[in-house]
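User: Can you walk me through this structure? Keep it simple, please.

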Amino acid sequence: DWTTGNVIEEQVTAIRELVGDKRAICGLSGGVDSAVAAALVQKAIGSQLTCVYVDHGLMRKGETEQVEKDFVAATGVQLKVVDAEQRFLDALAGVSDPEEKRKIIGREFIRVFEQAQAEIIADEGPAVEFLVQGTLYPDVVESGGGTGTANIKSHHNVGGLPEDLEFKLIEPLRKLFKDEVRMVGQELGLPEEIVQRQPFPGPGLGIRIVGEVTKERLDLLREADAIAREELTAAGLDRDIWQCPVVLLADVRSVGVQGDGRTYGHPIVLRPVSSEDAMTADWSRLPYDVLARISTRITNEVRDVNRVVLDVTSKPPGTIEWE
Ligand code: XMP
């Protein structure tokens with residue numbers, strides 16, 4: 001019988017047996033899959049697992065704290081948080097091209113992650129032999145991995161570590177679909193905000209600022225995004241939409257009026273979409289009163305923003321993200 005209880009029990013036993021007295025590491029992205037995989041392995045081997053979380057400064061409001069506090073509180077996991085904000089800001093300075101931004105963020109992420117891994121490996125204690133990954137069944141099928149029952153395979157040179165270093169992968173979610181992963185996460189006691197999380201791109205807010213990424217712009221976008229999320233949650237719409245990117249058009253200004261003065265500020269774009277798999281999407285017909293509340297609050301509360309616009313493009317032709 002398929003129950004979340006059985007899945008957890010089965011995996012915990014298998015992982016314990018496999019790992020023995022060795023150590024494992026796991027990268028946390030803030031997303032559902034890596035969080036549930038980590039929680040499951042943590043349940044099996046406790047302090048033999050160390051998680052790594054790279055804070056690139058492109059996260060939304062409260063996200064890093066959610067990993068640092070809520071995730072650790074729920075799982076008791078040993079966590080290494082790397083504050084890499086300045087490094088990412090420096091690397092992104094002066095760059096506006098979307099593809100270039102993506103490449104820089106990806107590259108810096110791997111560098112920081114490798115460094116953290118190397119530090120953990122260099123620690124005293126038993127060897128780190130295992131790397132935990134939140135691979136799901138659809139990922140396995142997509143990459144031609146078939147339906148094999150083994151949840152472990154050897155993998156060389158993961159994340160660019162020394163070539164003679166060999167990690168064995170632990171992929172405890174390999175047989176599960178996303179909704180099953182959420183159920184397992186819930187059963188493991190992970191907070192709702194983590195388990196029910198909507199998709200968020202790896203490059204974070206870096207690709208939601210049209211124009212150069214700066215600390216100031218990130219802070220502004222974080223505020224606007226937090227307001228939109230707060231109002232969507234308050235209206236009970238989280239399950240109705242796939243996700244709602246909030247985008248800052250940093251290179252655009254328009255004239256407005258606030259109090260008795262002229263303003264010349266930036267627009268914020270709301271991009272609520274409904275979708276099954278993100279391959280195609282339709283723009284969500286959100287209630288006007290919710291849109292009005294978001295617009296009023298953003299223009300009142302976020303400095304330098306004097307206009308909120310709604311993206312009414314489906315995918316195709318528009319992608320979900322703006323960059
Ligand atoms: P697009 O913009 O291509 O996005 O319609 C489709 C889905 O993928 C997410 N997305 C990403 N996720 N790394 C990720 O992990 C990325 O670089 C990335 N880019 C886009 C996007 O949020 C949407 O859910």
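User: Why does the radius of gyration of the protein chain agree with a compact globule?
Analyst: A compact globule of 323 residues would have a radius of gyration near 20 Å, and the protein chain has 21 Å, so the two agree. The radius is taken over C-alpha atoms, and the globule rule is 2.2 Å times the number of residues to the power 0.38. This is a predicted model: local features need pLDDT of at least 70, side-chain atom pairs count only at pLDDT 80 or more, and totals for chains, interfaces and linings use all residues. Residues are numbered from 1 along each chain as its sequence is written.

User: What does the C-alpha trace span along its principal axes?
Analyst: About 70 × 45 × 35 Å.

User: Which domains is the chain divided into?
Analyst: Domain 1 (4-195) and domain 2 (208-310). Those bounds come from an automatic or database domain assignment. The domain centres, taken over C-alpha atoms, are 30 Å apart.

User: How many residues of domain 1 are in contact with domain 2?
Analyst: Ten, and they meet eight residues of domain 2. Contact means C-beta atoms, placed from the backbone, within 7 Å. On the domain 1 side, four residues are nonpolar, three polar and three charged. Here Ala, Val, Leu, Ile, Met, Phe, Trp, Tyr, Cys and Pro count as nonpolar, Asp, Glu, Lys and Arg as charged, and the others, Gly among them, as polar.

User: Now the largest nonpolar core. Which residues touch the most other members?
Analyst: A24, C26, A35, V36, A38, V41 and A224, out of 68 residues. Such a core is a set of buried Ala, Val, Leu, Ile, Met, Phe, Trp, Tyr and Cys residues joined through C-beta atoms within 7 Å. Buried means 20 or more other C-beta atoms within 10 Å of the residue's own, exposed means 12 or fewer, and partly exposed is in between; C-beta atoms are placed from the backbone.

User: Which helix gives the most to this core?
Analyst: Helix 2 (residues 32-45), with ten residues. Helices are DSSP runs (H or I, at least four residues), as are strands (E, at least two), numbered from the N terminus. The core also draws at least three residues from each of domain 1 and domain 2.

User: Switching to R297: where is its place?
Analyst: In helix 10 (residues 288-301). R297 touches I227 and E231, leaving aside residues up to four places away in sequence.

User: Why does R297 count as partly exposed?
Analyst: Because R297 has 18 C-beta neighbours inside 10 Å.

Definitions and conventions: Two residues are in contact if their C-beta atoms, placed from the backbone, lie within 7 Å.
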